[in-house]
Amino acid sequence: MTKTFKIVILAKQVPDTRNVGKNAMKEDGTVNRAALPAIFNPEDMNALEQALRLKDRYPGSEVLLLTMGPSRAAEIIREGLFRGADGGVLLTDRKFAGADTLATSYALSMAIRKMQPDIIIAGRQAIDGDTAQVGPQVAEKLNIPQVTYAEDIINFENEKLTIKRRLERGIEIVKTPVPVLITVHATAAPCRPRNAKQLMKYKHARTLTEEQDNEHNSYLPVYSLDYLRIPEWGVIDVGGDEINYGLSGSPTKVKKIENIVFQAKESKKLTSCDEDIEGLIKELISSHTIG
Amino acid sequence: MNNIIVYIETENGKISDVSLELLTKARSLSKELSCNLEALLIGGNVTKLKDELFLYGANKIHIADDPRLVNYLTLPYSAITISLIKSEKPQIALFGATSVGRDLAPRVSSALHSGLTADCTSLEIGEHTDTKSGKIYNNLLYQIRPAFGGNIIATIVNPDHRPQMATVREGVMKKEALDKPVKGEINILDVKSILNDTDFVVEIIERQIEDKKIDIKGSPVIVAGGFGVGSKENFQLVFDLAHVLGAEVGASRAAVDAGFADHARQIGQTGVTVRPKLFISVGISGQIQHTAGMDQSAMIISVNSDPNAPIHQIADYAIVGDLNEVLPKMIKSYKKNSK
């Protein structure tokens, strides 16, 4: 029998904090979160591509997405399906609310225990928090090794994965047994685009909540088609101790939030004309700012 | 017990700057809390580095020295750190927000079920009142960090769990040695009793780590380019200006992502933080994620053709104009006017 893997991708739907444009700033200079689009966290896309490449090399492997969030986070799973994933689970429960990275990791680890993958791949960090903590914390909770900052999963030989890591000042190549949790760096290969066949196949994939909210009165008998069902799991499905979820499972508390407001300070406006540039450079030289 | 522990990172037999910066900060925090400052040093042949740690104020140094620990490995390093924290019970544990610290600290925090805040830009001591229970906590560590892509600044506390853990990026805090080293003590850890063979299941088979070549942090003058520079070819102008001024070249995340400049040059929330004497910003719009890494510069000159670019608002001199015109003029004028 040829080798196959069961791979779980940890993906997060995030507000697109990279594009905080003028329309996303309120008059008082603070961010209008509602104006930011919700996107598939960029490095989770790189993670998905690494999984799909493993599946290309080991046909019969299964790629499943796992995301935690409100019901609209099912969009993330559909996006993954359109690009080649085989399924996904939406981890959603009011009891998860207020989770910090540790409580999030606990919830994800409980769901992963139920899914029993060989390999877990996540983005290095999510752009809304930039903490890079959830990957290593999930690995610890599962008591498996972690390989962070992966740029390429090179091969699988003698029961070990060879992985190239991208560090601050260079690279490192490591060998790890499975099961393992890998976090993928932004310098890894970008994710392949949506696949037309997958798009046709999965465009009606939805969760039960979405089905019940459906205003379009779909004709499709979705729940007779198993593969179109995106399961929603809550605490009751994944088990575990309730105290470890959500706010009560979060050691960190947010004491204060300050919005950054651009403060105008006295600035001298110049143009690109010769006099302005010459004057500035002379001033910098005479003040010894430049030598 | 109840002290502050700083994890000491080393590379090529040298202590990382970020660890010395953390010791400097932790020294003042420990004074405020009237507790001791301890250091945890893990590696192969690292015991010789102890004197430098005493010079930065460590009262006690825990050393795990073993040939198998020459390079950082998640499992053995976290096993040692977890074991030490369990026995020493510090109130605060600090790590550099480096690729090592950000791999190690979350694993340790998960095992200890203690709160961890990543990438703090400031650490303070203060009190906290729980809004629900009304319970008052004294002498908590305020972990202050940008969040939400740098658009908000959050203050995080860990009221009920110890240690209070945080990572801090390199260059954010001052590094200052004492005039005289502290007469502290050494605690050699029994590595063999802590580690198992299973801690070594992940093997490093190749490592290509370069010495820190690009050091934009130490440069008094920085010329930084953004996505607005337009192309890698145009970015050469940024290098040219930096070259004649004897400056280093920096870049915004967008410019790095676009391949205009090396990642080591990235300035901002996900790159390095700089405070040069002069910062010349070229084709950078001035998103807060970027300005968080440079707005403490003594003087800022912005070059951007968009008069409404936010960067102009924090600049001391805002040049509204095409960089292809402005930069060659600056180079020419400098060559003419400098002796």
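Two strands are said to pair if DSSP finds at least two bridges between them, and strands themselves (E, at least two residues), like helices (H or I, at least four), are DSSP runs numbered from the N terminus. In this sense strand β8 (residues 122-129) of chain B and strand β9 (residues 136-147) of chain B pair in the antiparallel sense over 7 bridges, and the bridge partner of His128(B) in β9(B) is Tyr137(B). The two strands form a hairpin with 6 residues between them, and Gly134(B) in the turn has a positive phi of about 75°.

The structure is a predicted model, in which local features need pLDDT of at least 70 and side-chain atom pairs count only at pLDDT 80 or more, while totals for chains, interfaces and linings use all residues. Residues are numbered from 1 along each chain as its sequence is written, and chains are lettered from A and ligands numbered from 1 in the order in which they are written.

Chain B has 10 helices and 18 strands, and chain A has 8 helices and 15 strands. The C-alpha atoms of chain B fill a box of roughly 65 × 50 × 40 Å along the principal axes. For its 339 residues a compact globule would have a radius of gyration near 20 Å, and the 22 Å of chain B agrees with this; the radius is taken over C-alpha atoms, and the globule rule is 2.2 Å times the number of residues to the power 0.38. A residue counts as buried if 20 or more other C-beta atoms, placed from the backbone, lie within 10 Å of its own, as exposed if 12 or fewer do, and as partly exposed in between. Buried residues make up 53% of the 339 residues in chain B and 46% of the 291 residues in chain A.

Of the contacts in chain B with a separation of 6 or more, 64% are between residues 24 or more positions apart, and in chain A, among contacts between residues at least 6 apart in sequence, 69% join residues at least 24 apart.

Chain B is divided into domain 1 (4-200) and domain 2 (221-337), with bounds that come from an automatic or database domain assignment. Their C-alpha centres lie 34 Å apart, and 8 residues of domain 1 are in contact with 7 residues of domain 2. On the side of domain 1 that touches domain 2, the residues divide into 2 nonpolar, 4 polar and 2 charged, where Ala, Val, Leu, Ile, Met, Phe, Trp, Tyr, Cys and Pro count as nonpolar, Asp, Glu, Lys and Arg as charged, and the others, Gly among them, as polar.

Within chain B, strand β16 (residues 278-282) is largely enclosed by the rest of the structure, because 5 of its 5 residues are buried. In a regular strand the side chains alternate between the two faces of the sheet. Here Leu278(B), Ile280(B) and Val282(B) point one way, while Phe279(B) and Ser281(B) point the other way. Strand β14 (residues 221-225) of chain B runs parallel to β16(B) and is joined to it by 5 bridges, with Ala224(B) opposite Ser281(B). Strand β17 (residues 299-304) of chain B also pairs with β16(B) in the parallel sense, over 5 bridges, and there Ser281(B) stands opposite Ser302(B).

Between the chains, 75 residues of chain B are in contact with 64 residues of chain A, and those on the chain B side divide into 34 nonpolar, 26 polar and 15 charged. Strand β14 (residues 253-259) of chain A and strand β10 (residues 152-157) of chain B pair in the antiparallel sense over 6 bridges, with Thr155(B) as the bridge partner of Lys256(A). Thr74(B), which lies in helix α3 (residues 74-88) of chain B, is buried, with 22 other C-beta atoms within 10 Å. Leaving out residues up to four places away in sequence, Thr74(B) touches residues of both chains, including Pro145(A), Gln146(A) and Asp103(B).

A nonpolar core is a set of buried Ala, Val, Leu, Ile, Met, Phe, Trp, Tyr and Cys residues joined through C-beta atoms within 7 Å. In the largest one, of 128 residues, Ile9(A) and Ala107(A) touch the most other members, and its largest share, 8 residues, comes from helix α3 (residues 101-115) of chain A. A second, separate core of 49 residues includes Ala255(B), Val274(B), Ile280(B) and Tyr317(B).

Note on methods:
Two residues are in contact if their C-beta atoms, placed from the backbone, lie within 7 Å.
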